[in-house]
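Here is a short briefing on one protein chain. Look over the sequence and the structure first, then read the points below.

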Amino acid sequence: MTFRAYIIEDSSTIRENLIETLNELAQVQPVGTTGSEHEAKRWLAQNDWDLAVIDLFLQEGSGMNVLDACRQRRPGQKVVVLSNHSSRDVRWRCMQLGADAVFDKSTELEMLVDYCARFKAQREHPDAEPNVAPTATALPAAPA
């Protein structure tokens with residue numbers, strides 16, 4: 001089963017490394033990328049995808065607005081934030097906007113890969129026992 005990810009990241013270096021890492025370690029197939037809020041919202045609304053990986057600061061617009069636009073999505077689609085800006089308050093706001101998980105680019109990339117691999121395995125084997133390992137740094141119940 002193909003596991004399709006759309007990556008919203010403005011840095012071409014990070015985008016290329018992320019594509020390679022997710023493809024190699026989690027067997028995630030990238031189906032598109034952009035560094036633009038407008039393009040991301042348009043593409044996500046018009047195409048099939050399983051996972052959206054969103055950076056918060058983009059060349060044009062904001063990842064928060066992309067995240068908000070993803071509130072209306074098909075069941076089973078996941079949206080995660082991957083950002084260098086992942087303070088307690090930012091994580092809380094992302095969860096309020098519908099993020100399934102928030103990962104810090106500099107310290108939680110392995111956790112993102114694990115999250116993707118578990119999500120893919122769950123989609124392929126829905127009757128299997130779920131893996132309950134933590135997926136990201138604990139999120140606060142409310143902002144500080």
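The points below go from the whole chain to single residues.

This is a predicted model, in which local features need pLDDT of at least 70, side-chain atom pairs count only at pLDDT 80 or more, and totals for chains, interfaces and linings use all residues. Residues are numbered from 1 along each chain as its sequence is written, and side-chain values use heavy atoms, with hydrogens and water left out.

**The whole chain**

- The chain has five helices and five strands. Helices (H or I, at least four residues) and strands (E, at least two) are DSSP runs, numbered from the N terminus.
- Along the sequence, the pattern reads β-α-β-α-β-α-β-α-β-α.
- Of the 144 residues, 40% are buried. Buried means under 20% relative accessible area, exposed means over 50%, and partly exposed lies in between (1.4 Å probe, protein chains only).
- The chain exposes about 7,600 Å², and carbon and sulfur atoms supply 47% of that area. Accessible areas come from the Shrake-Rupley method with a 1.4 Å probe; for residues, only the protein chains shown count as cover.
- Residues 24 or more positions apart account for 68% of them.

**The nonpolar cores**

- A nonpolar core is a set of buried Ala, Val, Leu, Ile, Met, Phe, Trp, Tyr and Cys residues joined through side-chain atoms within 4.5 Å.
- In soluble globular proteins, nonpolar side chains tend to be buried together.
- The largest core here has 19 residues, and Ile 8, Leu 44, Val 66 and Leu 67 have the most contacts inside it.
- Strand E1 (4-8), helix H2 (37-46), strand E3 (51-54), helix H3 (63-69) and strand E4 (78-83) each give two or more residues to this core. H2 gives the most, with three.
- Which residues does Leu 44 touch, not counting those up to four places away in sequence? They are Tyr 6, Ile 8, Trp 49, Ala 52, Val 66 and Cys 70.
- Another core of 18 residues lies apart from it, and Val 53, Phe 103, Val 113 and Cys 116 are among its members.

**Helix H5**

- Helix H5 covers residues 109-124, which makes 16 residues. The expected span is 1.5 Å times one less than the number of residues.

**Asp 104**

- Asp 104 sits in strand E5 (residues 101-104). It counts as buried because its relative accessibility is 10%.
- Leaving out residues up to four places away in sequence, Asp 104 touches Leu 82, Ser 83, Asn 84, Ser 86, Arg 91 and Leu 109.
- Its side chain joins that of Ser 86 in a polar contact of 2.7 Å. A polar contact is a pair of N or O atoms within 3.5 Å; within protein, one must be able to donate a hydrogen and the other to accept it, and residues adjacent in sequence count only if both atoms are side-chain atoms.
- A polar atom of the Asp 104 side chain also lies 3.2 Å from the backbone nitrogen of Thr 107.

**Thr 34 and Gln 27**

- Thr 34 lies in strand E2. At 10% relative accessibility, Thr 34 is buried.
- Gln 27 is in the loop between helix H1 (12-26) and strand E2 (29-34). Its phi is positive, about 55°, although Gln 27 is not a glycine.
- Gln 27 counts as partly exposed, because its relative accessibility is 45%.

Note on methods
Contact = heavy atoms within 4.5 Å.
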